[in-house]
Amino acid sequence: MAEPFRIVHTVCSHDCPDSCAVLVTVNAEGRAVKIEGDPKQPVTLGFLCAKVAKYLDRVYSPERILHPLRRRAGLAKGPLERGREHEAFERVTWDEALDAIAKRLKAVSDTYGPESILPYSYAGTIGVLGYGSMDRRFFARLGASRLDRTICAEAGGQAWNLVYGRKFGTPTEDFRLAKLIVAWGANVHGNNVHLWPMIEQARRKGARLIVIDPYRTRTAALADWHIAIRPGTDAALALGMMHVIFREGLEDRAFIAERTHGAERLAARAQEYTPERVAAWTGLTAEEIESLAREYATTRPAVLRMNYGVQRSENGGTAARAIAMLPAVTGAWRHRGGGGQLSTSGAFAWNKQAVERPDLALASPLGRDARLVNMCRLGHALTQLGAREQGSEGTGIREQGTENSTSRMDSAEGPPVHALFVYNSNPGAVAPNQNAVRRGLARSDLFTVVHDLFFTDTTDYADFILPATTFLEHTEVQGAYGHYFVQLSKQAIEPPGEARSNVWLFGQLAQRMGFEEPCFRDTPEEIIRQALKIGADGRSKNAGMEHITMEELEERGHVPLAIHRDPEAHPFLPYTQGTLETPTGKIEFYSETLAAAGEDGLPAFHPPVESRWGEGAKRYPLELLGRKADNYLNSTFANLEGHRKMEARLRHRLEMHPADAEARAIADGDAVCVFNDRGSLELTALLNASLPAGVVAAKMDWAKLHPGGINMNVLTSERLTDIGAGATFYSTLVEVKKA
Ligand SMILES: Nc1nc2c(c(=O)[nH]1)N[C@H]1C(S)=C(S)[C@@H](COP(=O)(O)OP(=O)(O)OC[C@H]3O[C@@H](n4cnc5c(=O)[nH]c(N)nc54)[C@H](O)[C@@H]3O)O[C@H]1N2
Ligand SMILES: Nc1nc2c(c(=O)[nH]1)N[C@H]1C(S)=C(S)[C@@H](COP(=O)(O)OP(=O)(O)OC[C@H]3O[C@@H](n4cnc5c(=O)[nH]c(N)nc54)[C@H](O)[C@@H]3O)O[C@H]1N2
Ligand code: SF4
Ligand SMILES: [Mo]
């Protein structure tokens, strides 16, 4: 007889730094009946966030897509009424769908060249296999355009790497030991929930929490000090802090001499950033800047949690770079519990070459690496690429081999996009300049395939919709960007209906295309072993994973990286030893990489074009923060009623400072129209005196759940960040009027 219940170790694969270890209880009928955090995982600590605690609502939602679907002949693409989307599609078998898709991709490739096919994916799952494995192999072998996946972390990531060479950070558990925690553009309580208990423990022992965020998040409301900085001015604040630190001799001279490069030049640059000048940009007082600098430089250990909020403005790369330098100026890295964390992802040395097989491009009809198309410029890619270029906006295409350099746009080359393959993403909701994205998606000559679990803003434009799996329904291996554990996620339940994983889908499509390389037949278990580079002795051959075996992963579910194996005896103090992977081998205050590219080697503050200092502010004087919802994950979960209820207070609201509202004769609860040259959106005004004057805020929802079928991304632009060619969601100017 079958056991009545079994408990399966899985890993939450949503795009969140915490990568929780999740225990799923499955009953004798094979149904998941309970989901909980693994108490043995040192960061998960036995609890899940409010979103995923209710995960079985998503897994067993009656709205799951269960079968492949094909758009009914002759129907135009565009927003469909929620709940009736299926009427536009007819059910087909997997064989029919795969054959038809393969045939069409072949035809597009033969007619326009393979680069006219564009994959579009991001982080619907961050598991190693689901995020990028068989799909990467498939598109490389096909010769399809390569997608430059810049929408989230490139600006900050590349900025961090310019300073430190690799993304390490203070171990999450060590935040407990800090005496000062600065959450800089980081909504810990909403987006990084498992860091919160560490901060609470530190505070019980007397630590202070400072939050630097224009918006009064729950994290900010719970802080000892909330610094409501003006959006996009963080580089000025960081330089202003350095000004005070160097002026008052609070820097760590020994650490600077031993470990860093360019300190004198940095100090000279910081001299220009007097507290008075910085106050005028940031909206703080000179005294506040001085006391922040002193408290930061004289408290030990002091740790910065910089998250990705800072880098979503035009100068976000430079801002992240300047902030990243602070713990090197004060030597905070030397103290356990001090330092900083943007992302821990650099510690996971997966064998990407084997997993993604970029070399297969040589076997494609192109015979070389395909062009790169920046995902932040999907609207442009679908409406203008291959047409004659106009204007000076750049093209969203970077030449091969420049992935890790700073952002440089090259001229458009190659064909227009004729086929779009979307998975792990909902660009109809999350991509900037949504009106352009929608015009592109609506093109009748564009062939669009979407692999997802639900009807979304993007499936409304699909020719084929294919049903995808949740993390309970497939096997995975995963790292994290907020801790140092490798984790194995086992399949807990059978997929509902005919839902299939990303790995399965692209393996099948490869067969249909006639790709004969054996790697297209790899099973998930084989790809996991390749990712870990398991050798003949059963151990991983990846740097920092040499102690990891499949057996231990199977048994415990999570295994720490070498740097984090014995934190009490050997605490990990990033960047305090050895040669770093920067050109000078040191922490670079002065970036030799930027200097070699003819750019300023030092950080400087330049106000964003779309800010109160820009030309556009004459017509659109308000700065919009188009933020994430605490109870969704980007656009994920927005379809579930329970999650929407938790968001009720702020759904479809435009938060405004009372002075800005009064100047426009707007009262709390009024219907308002938010607009700029790119689009306009109707919301309801909610007065909020904690916002800096001149700043308005709204939260992201599915477009199709908004009146008008659009969301705030009709207002955001395709302009790219200074470093990393990332998205600039938080540099958006608007005007507001009563509707
Ligand atoms: N609940 C929940 N959790 C999530 C997500 C979600 O949607 N919901 N999304 C996940 C994803 S994809 C990511 S990338 C991470 C992101 O996690 P965070 O980096 O925390 O992301 P954001 O919410 O984009 O930005 C953080 C804060 O930065 C503030 N901010 C905006 N502009 C500025 C500025 O110019 N300066 C400063 N100092 N602050 C600014 C915003 O008001 C916001 O409160 O969270 C992940 N976790
Ligand atoms: N205005 C504004 N826009 C933003 C942001 C913001 O803060 N403000 N944040 C930006 C950021 S940081 C990010 S990371 C992006 C996020 O953009 P996306 O990565 O597109 O994130 P989601 O909206 O969560 O959409 C993920 C989709 O993948 C699907 N999915 C989940 N698992 C799987 C799977 O295993 N297989 C397949 N095929 N599909 C799966 C989900 O159902 C969901 O529809 O949004 C960006 N857009
Ligand atoms: S979304 Fe983040 S906090 Fe929530 S369960 Fe997943 S990894 Fe944990
Ligand atoms: Mo993100």
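Colleague: How far does a polar side-chain atom of asparagine 713 lie from a nitrogen atom of ligand 2?
Modeller: Keep in mind that this is a predicted model. For a polar contact, the two N or O atoms must be within 3.5 Å. The side chain of asparagine 713 meets that limit with a nitrogen atom of ligand 2, at a distance of 2.9 Å.

Colleague: How many residues surround ligand 2?
Modeller: Let's begin with the closest ones, which are Ser425, Asp452, Asn502, Ser635 and Thr636. Counting everything with a heavy atom within 4 Å, the number of residues around ligand 2 is 32.

Colleague: And ligand 1, how many residues surround it?
Modeller: Here the closest are Asp213, Tyr308, Asp630, Tyr632 and Asn634. The number of residues surrounding ligand 1 is 31.

Colleague: What area is buried between domain 2 and domain 3?
Modeller: The chain is divided into domain 1 (5-59), domain 2 (69-153 + 349-553) and domain 3 (615-738). The contact between domain 2 and domain 3 takes 31 residues from domain 2 and 28 residues from domain 3. Carbon and sulfur atoms give 50% of the buried area, and the total is about 2200 Å².

Colleague: Which aspartate pairs with lysine 704 in a salt bridge?
Modeller: Side chains of opposite charge can pair when their charged atoms come close. Between domain 2 and domain 3 the count is 2 salt bridges. In the salt bridge of lysine 704, N and O are 3.0 Å apart, and the partner is aspartate 460.

Colleague: Which helix gives the largest share of the side of domain 2 that touches domain 3?
Modeller: Domain 2 and domain 3 have 19 residue pairs in polar contact. On the side of domain 2, the elements that give two or more residues are helix 17 (378-383), helix 18 (427-430) and helix 19 (434-441). The largest share is 4 residues, and this comes from helix 19.

Colleague: How many residues apart are glutamate 115 and arginine 368?
Modeller: Their side chains meet in a salt bridge of 3.2 Å, N to O, and the structure holds 45 salt bridges. Glutamate 115 sits in the loop between helix 3 (94-112) and strand 6 (117-121), while arginine 368 is in the loop between helix 16 (352-356) and strand 14 (372-374). The pair thus links distant parts of the chain, and the separation is 253 residues.

Colleague: Is the peptide bond from arginine 300 to proline 301 cis or trans?
Modeller: Most peptide bonds are trans. Proline 301 lies in the loop between helix 14 (286-298) and strand 12 (302-306). With omega near -10 degrees, the bond from arginine 300 to proline 301 is cis.

Notes
Residues are numbered from 1 along each chain as its sequence is written. Chains are lettered from A and ligands numbered from 1 in the order in which they are written. This is a predicted model: local features need pLDDT of at least 70, side-chain atom pairs count only at pLDDT 80 or more; totals for chains, interfaces and linings use all residues. Side-chain values use heavy atoms; hydrogens and water are left out. Domain bounds come from an automatic or database domain assignment. Contact means heavy atoms within 4.5 Å. Buried area is the accessible area (1.4 Å probe) that two parts lose on being put together, summed over both. A salt bridge is a side-chain nitrogen of Lys or Arg within 4 Å of a carboxyl oxygen of Asp or Glu. A polar contact is a pair of N or O atoms within 3.5 Å; within protein, one must be able to donate a hydrogen and the other to accept it, and residues adjacent in sequence count only if both atoms are side-chain atoms.
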